[in-house]
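Let's take a walk through this one together. Have a look at the sequence and the model first, then read on.

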Amino acid sequence: MYWYHIHSKTLIVKTALLVLRQWWATCSPQAAFFNLFRTSLTIVLVLCLFLKSPGSHASVSYKPNIVLILVDDLGIGDVGCYGNDTIRTPNIDRLAKEGVKLTQHIAAAPLCTPSRAAFLTGRYPIRSGMDATNDYRVIQWAGASGGLPPNETTFAKILQKQGYITGLIGKWHQGVNCESRNDYCHHPLNHGFDYFYGMPFSLMNDCQITQPPEKDRVLRTKLWLYSQTIGLAVLTLAIARLTGLVSVTWKIITCLAWFGFLFFASWFSSYGFIRYWDCILMRNHEITEQPMVVERTTSLILKEAISFIERNKHGPFLLFVSFLHVHTPLITTELFLGKSSYGLYGDNVEEMDWMVGRVLDAIDKKGLKNTTLTYFSSDHGGFLEAQGGKAQLGGWNGIYKGGKGMGGWEGGIRVPGIFRWPGVLPADTVIDEPTSLMDIYPTVAYLAGGIVPQDRVMDGWNLMPLLQGSIQHSEHEFLFHYCGMYLHAVRWHQKDSGALWKAHYVTPIFQPEGAGACYGRGICPCFGEGVTHHDPPLLFDLSRDPSEAKPLLPATEPLFDTVTSRIERAVQEHRQTLTPVPQQLSLHNIMWKPWLQPCCGTFPFCWCDKEGDSAHPAL
């Protein structure tokens with residue numbers, strides 16, 4: 001890691017000293033003095049240009065600390081340095097001012113579970129089985145058997161082998177158990193993290209008593225209706241039998257009653273206790289809150305992140321801060337409620353920015369700023385369909401069409417991307433080249449002196465040459481945009497011309513028509529009647545039309561056939577690299593399984609609060 005830069009600079013200094021000694025020996029004292037002054041000044045200027053020129057690498061003779069901050073559901077248009085002038089994000093803006101801002105940073109999937117799987121592995125989620133062919137495109141229960149396969153190598157495993165202390169604070173959403181309640185096959189500690197504190201699942205409305213249900217809302221409504229219908233039928237038959245209106249036997253009525261009870265119990269045992277099954281906090285393998293007290297979760301997450309930095313200040317360490325913000329139900333402390341000009345969502349974003357600031361302050365106070373690579377991003381675009389009455393509870397994706405759940409449109413996959421490393425990366429720099437969340441894996445592996453796995457296809461690239469300016473173009477020629485396991489769009493970065501082509505093979509049908517999102521469905525589907533297939537594909541040049549407002553036509557775009565043919569060849573080549581793997585998000589794997597349910601008591605009596613008053617709102 002950078003040793004060749006150190007050797008080359010040492011060689012320059014040695015050569016300069018040799019030249020000075022020779023001049024001093026061959027000149028008179030007076031001439032030697034003036035020659036020495038003039039030559040020394042020249043050498044100093046050359047060295048300054050060599051050390052600080054935009055295309056050069058800064059010297060690094062150590063393994064840096066690495067802090068990765070990932071926000072949940074944040075839209076690219078929600079951040080000040082990306083154009084928002086109503087929501088205040090001074091700490092994220094400061095991070096961009098002191099580092100490098102990426103304007104074409106792309107998530108590998110438009111939903112939490114697959115996007116985070118790609119982030120952790122540096123591979124498209126379809127390669128690890130972490131995408132779905134059904135409508136359930138994320139892990140649905142903490143007590144499900146699906147999750148990030150144990151044979152996947154995360155960047156945490158790579159850094160762990162290189163002597164890093166690795167920690168994950170916050171959201172996981174990559175599964176917990178496979179076959180028994182305590183096998184922890186998908187747990188963060190089985191994927192390279194030395195320390196974990198946070199939610200093994202994901203924040204949702206069901207975690208807050210005052211919010212309407214979120215998980216399988218339509219299905220739960222139907223199940224309630226069926227249960228009530230059976231109950232009403234039993235009651236009607238019983239009354240009719242007692243009054244002699246019907247001659248049905250009591251045995252039949254009893255059997256029907258038992259059927260109704262078993263039917264009700266079969267679904268209510270899971271859906272009726274979601275707060276207890278999914279809304280839990282863990283420290284390593286130990287459950288500390290079940291159900292979690294959402295009002296103090298912000299303080300606990302922040303406290304744990306700062307504590308990890310303080311405990312491991314002598315490094316090197318990897319800290320993955322995976323915020324629960326800004327996912328619904330937008331849990332916001334009183335300090336920020338009503339303070340933004342964009343309602344509850346704006347309040348939550350501003351609180352998240354404050355949390356980022358506290359993490360940055362912890363790094364700075366320990367004198368780690370110049371030895372720490374800090375990264376900030378979101379797992380995918382903002383959730384357009386998240387609404388409460390007339391209030392918008394999801395993010396804004398700026399000029400980009402679409403949002404969360406939409407695999408092709410830019411709004412679902414283009415996210416903020418900021419790197420800071422003073423003295424190594426240039427400050428206040430903007431890069432307009434296509435990059436991916438999958439690039440974080442090879443980048444941090446390189447910085448730690450590790451090697452990415454050689455026995456599998458890797459889809460990310462080391463970003464350091466691009467970030468430091470030694471290369472001007474991204475290594476990505478093609479990026480493939482999936483919705484579930486269905487390929488919706490492909491991006492072609494034509495480096496020689498500067499064009500950035502994007503072909504859409506499938507797009508969601510917005511409800512109502514022209515609305516820009518699937519408000520009628522709650523989230524856009526990947527297949528079936530809710531999508532439109534395009535042959536030939538919709539083609540855009542994002543370098544001229546980043547909003548994807550006007551598709552190019554074969555009749556008016558002379559390169560249409562050439563571009564679409566080249567993209568189609570790339571698709572075929574890409575598909576040849578895919579191999580069959582077990583589907584982690586199959587219906588079987590996402591079902592709630594009582595024997596896999598994490599429980600801090602004796603199942604089904606799962607309740608505990610081991611945090612007590614340990615949360616400090618002052619944090």
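A quick word on classes before we start: Ala, Val, Leu, Ile, Met, Phe, Trp, Tyr, Cys and Pro count as nonpolar, Asp, Glu, Lys and Arg as charged, and the others, Gly among them, as polar. Also keep in mind that what you see is a predicted model.

With those classes in hand, turn to the largest pocket, whose lining has 23 nonpolar, 13 polar and 11 charged residues. Its volume is about 1400 Å³. Of the 47 residues in that lining, Glu-214, Asp-216, Arg-217, Gly-522 and Ile-523 are the closest to the centre. Which element gives the most to the lining? That would be helix H7, with 4 residues. H7 spans 217-242, and strand S9 (387-388) likewise supplies at least two lining residues.

Now move on to strand S1, residues 65-71. Here 7 of the 7 residues are buried, so the strand is largely enclosed by the rest of the structure. In a regular strand, side chains alternate between the two faces of the sheet. You can follow this in S1: Asn-65, Val-67, Ile-69 and Val-71 point one way, while Ile-66, Leu-68 and Leu-70 point the other way. What are the neighbours? S1 runs parallel to strand S8 (residues 372-378), joined to it by 7 bridges, and Val-71 sits opposite Ser-378 there. S1 also pairs with strand S7 (residues 317-322), again in the parallel sense, over 5 bridges; in that pairing Ile-69 stands opposite Val-321.

Next come the disulfides, and the count is 6. Numbered in sequence order, the bonded cysteines pair as 1-2, 3-4, 5-8, 6-7, 9-11 and 10-12.

Take Cys-207 and Cys-279, which are joined S to S at 2.1 Å.

Cys-178 and Cys-185 form another disulfide, with sulfur atoms 1.7 Å apart. Is it left-handed or right-handed? The torsion is about 90 degrees, so it is right-handed. Cys-178 is partly exposed at 25% relative accessibility, whereas Cys-185, at 10%, is buried.

Definitions and conventions
Residues are numbered from 1 along each chain as its sequence is written. This is a predicted model: local features need pLDDT of at least 70, side-chain atom pairs count only at pLDDT 80 or more; totals for chains, interfaces and linings use all residues. Side-chain values use heavy atoms; hydrogens and water are left out. On a 1 Å grid over the protein atoms alone, a cavity is a set of points where a 1.4 Å probe fits but cannot get out, and a pocket is an open set with protein on both sides within 12 Å along at least five of seven lines; lining residues have an atom within 4 Å of a point. Grid points are joined across faces, edges and corners, and a volume is the space filled by probe spheres set on the points. Buried means under 20% relative accessible area, exposed over 50%, partly exposed in between (1.4 Å probe, protein chains only). Two strands pair if DSSP finds at least two bridges between them. A disulfide is a pair of cysteine sulfur atoms within 2.5 Å.
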